[in-house]
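Here is a friendly walk through some local features of this structure, from backbone angles to sheets and helices. Please keep the sequence and the model side by side as you read.

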Amino acid sequence: MSSVQDTNSDSRDKAQNKAKSLFEKIWEKHVVKEIEGGPSVLYIDTHLIHEVTSPQAFNGLTKRGLEVYRPKQVVATADHNVPTLNQHLPIKEELSRIQVQTLKQNCEKFGIELYGLGHPYQGIVHVIGPELGITQPGTTIVCGDSHTSTHGAFGAIAFGIGTSEVEMVFATQCLMQSKPKLMRISVEGELKKGVVSKDIILYIIAKTSASGATGYAVEYAGAAIRNLSMEARMTICNMSIEMGARCGMIAPDETTFNYIKGRQFAPKGEQWETKLAYWKTLNSDRDAVFDKEIIINAADIEPMITYGTNPGMGVGVTGHIPALSEVDEKEKPYFEKSLNYMGLQPGVKIKGKKVDYVFIGSCTNSRIEDLRMVASFVKGRHKASGVEVWVVPGSKQVEAQAKKEGIDKIFEDAGFLLRQPGCSACLGMNEDKIPAGKYCISTSNRNFEGRQGPNARTFLASPLTAAVAAITGEVGDVREML
Amino acid sequence: MNKSIHIIKSTSVPLSIENVDTDQIIPARFLKATNREGFGKNLFRDWRYENDNEATPKKDFVLNSPVFKGCILIAGKNFGCGSSREHAAWAIKDAGFDVVVSSFFADIFKNNALNNFLLPVVVSDGFLQRIFEIVYANPSTEITVNLENQTISIPTTINSGSNDENEGKTLSENFEINSYKKTCLLNGYDDIDYLLSMKKEIELYESNRI
């Protein structure tokens, strides 16, 4: 049972002086100046950068004769365009090598800390921020990458920006931002066995559509969210952008504080106590008003899979692709184009569909808990013949931890290929591409046409559902195998 | 970069597809450059060419059409969703477009477009539908976008084949843009110029923050 409720803005204005939402509490603390009829000047605490969306911003600074204003608030890594095999060797492809070298040169020139290839902290930017304790509640975090929404899992305002905006933050540590509308999505009750956080977010996006949260900052709440680990919460916030949201966030709690405590860049000693006291105030007041509220019953969610070419085109694994008669007349041209690309028929069951590739990785699902989840299912089993399985850990630290726990052995015995950290086949920017026409079940975040390689076909799913496909060679229901 | 926008009058290129994501606008494998120039040749790369080969353009894709030309791109709703890559806005601008018209834009793309003096014009679903009908019926139709007045106008044509009572008239709609951004576009100002002028206030903010 789900319900949607619209709240008019009048009641919101009245409530503003009293009750505040989590988003408003953080936003208001970061407004340097409001401009009439326009955006606000918003202060950015933490700026994460990578090799693909930063070079033109550095060029812009140089052209204007500017320095990076607060280099200590910027952290860099190389992830989008790095190879995931033989990272100790020079990058073969010339343009990629130049791009990664350019990041290194720019970081040296402008005094920015770089966790580049070979560094023990290197990894996907949205994996390393949290794991190093750089991502903290109550802060504003930006990166030239749309999945920056991941960091909102800690109760931060975190969003993706373009390269011109990267340049603005370099130059002034600020951005011009309009305040988004507010939406709260509450997932109440308990999840059923075999259903994990990836299924929650795919279910939500299927309900709201790929554009249903455009213009909104989304707060996730409810018992089913509270019961999730930090890594599972990151998976939820990560995909907020897939329904168009400006950012996604979850109020910090003991789970959050326990996760952060003791990490490399987490506050220590007295500073920890001061921060903790502040962080504990970061939640939506009881009477906080949202422009839109959605309530979802966790028990309604089953393991999810996408069948189309945007993340909103998802169904439960036991469900079927909508029949033409179930599709709105206006949506039909897009729906048919999408199924045509996927080589699928309307109205048919998706369970049992053969897959050629399995990709376990990306900023959505490449953390140690994801790898553990896959390993615990796969242990003692072997991949189906004809299926190629790639596991790409999110960071050097995740990779090291997996090896320490013997997860690498489990994957090796199962016939999986454990690669090195990077964004890899999530976006097919490096050589990790799915061949044309092949089906890949992927734990990543986008099933767009050509996303994983020209004419590649993507099914988005949880690590568990991906593991099932690796073992059986087809889309299956994990609940039958637990 | 072509700075400042006032009135743009041009024929247009209709792309009546919804949910066009930035991976379609410019696929990731073309994001390896370290400068802003030259992305236009790979705009809509995989919709434009068979087998990734410029020698085999797909005849039915609108950018390959000898008929539809101009600096206004008309696109289906939720244009520019997905990745934050500003390369998408650069590619569109580099391919010669100054305006994109749709009934709905994804947030990050919209900001990226504005920061590159590529004007995103949001029209109603109904108006968008009419533009498509008119332009498909008569590709030489010129659309006028007036930023100062915040209007978009298109003449209907005698031969459009519709029974519309507005036949032969000009259809217009107002579009929204926040006044700050409008001033920037009219005068060729960047956000960064404005932010740099705020340095004292930013420093003051920093000294007061916890």
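Is S4(B) buried, partly exposed or exposed? S4(B) is partly exposed, with a relative accessible area of 30%. Here buried means under 20% relative accessible area, exposed means over 50%, and partly exposed lies in between, with a 1.4 Å probe and protein chains only.

Before going further, please note that this is a predicted model, in which local features need pLDDT of at least 70, side-chain atom pairs count only at pLDDT 80 or more, and totals for chains, interfaces and linings use all residues. Residues are numbered from 1 along each chain as its sequence is written, chains are lettered from A and ligands numbered from 1 in the order in which they are written, and side-chain values use heavy atoms, with hydrogens and water left out.

Most residues other than glycine have a negative phi. S4(B) has a positive phi of about 70° although it is not a glycine, and its place is in the segment before β1 (7-10) of chain B. N78(B), also not a glycine, has a positive phi near 60°. N78(B) sits in the loop between β3 (72-75) and α3 (87-94) of chain B. N78(B) is buried, with a relative accessible area of 1%.

**The three-stranded sheet of chain A**

Helices (H or I, at least four residues) and strands (E, at least two) are DSSP runs, numbered from the N terminus. Two strands pair if DSSP finds at least two bridges between them. In chain A, an open sheet of three strands has the order β2-β3-β9, with antiparallel pairing. β2 (31-34) and β9 of chain A stand at the edges with a single partner strand each, so one side of each has no neighbour in the sheet. Neighbouring strands of this sheet are turned by 20° against each other on average, direction ignored; the axes behind such angles are lines fitted to C-alpha atoms, for helices over the stretch in contact, and angles run from 0 to 180 degrees between N-to-C directions.

β2(A) and β3(A) pair over three bridges, while β3 (residues 40-43) and β9 of chain A pair over four. The hairpin of β2(A) and β3(A) has five residues between the strands, and G37(A) there takes a positive phi near 70°.

| Residue | Opposite residue | Strand of the opposite residue |
|---|---|---|
| Y43(A) | C174(A) | β9(A) |
| Y357(A) | C440(A) | β19(A) |

In a regular strand the side chains alternate between the two faces of the sheet. Strand β9 (residues 174-177) of chain A is covered on both faces: C174(A) and M176(A) on one side, and L175(A) and Q177(A) on the other, are all buried.

**The five-stranded sheet of chain A**

Five strands of chain A form an open sheet in the order β18-β17-β16-β19-β20, with parallel pairing. β18 (417-418) and β20 (457-460) of chain A are at the edges, each with a single partner strand, so one side of each is left without a neighbour in the sheet. β16 (residues 357-360) and β19 (residues 439-442) of chain A pair over three bridges.

F359(A) lies in strand β16 of chain A and is buried, with a relative accessible area of 0%. Leaving aside its neighbours within four places in sequence, F359(A) is in contact with residues including W390(A), C426(A), I441(A) and Q452(A); contact means heavy atoms within 4.5 Å. Helix α16 (residues 463-472) of chain A lies across β16, β17 (388-391) and β19 of chain A, running at about 150° to β16(A).

**Helices of chain A**

How do α13 (residues 368-378) and α14 (residues 396-404) of chain A meet, and at what angle? They pack at an angle of about 35°, with their axes 9 Å apart. The contact is made by I368(A), L371(A) and R372(A) of α13(A) and V398(A), Q401(A) and A402(A) of α14(A).

In helix α11 (residues 269-279) of chain A, W272(A), L276(A), Y278(A) and W279(A) are buried. Seen down the axis of α11(A), these buried residues fall within an arc of 160°, so they line one face of the helix; the arc is that of the directions from the helix axis to the C-beta atoms. The face of α11(A) turned away from its buried side carries the exposed residues E270(A) and T274(A). The cover over the buried residues of α11(A) includes α2 (22-30) and α10 (254-260) of chain A.
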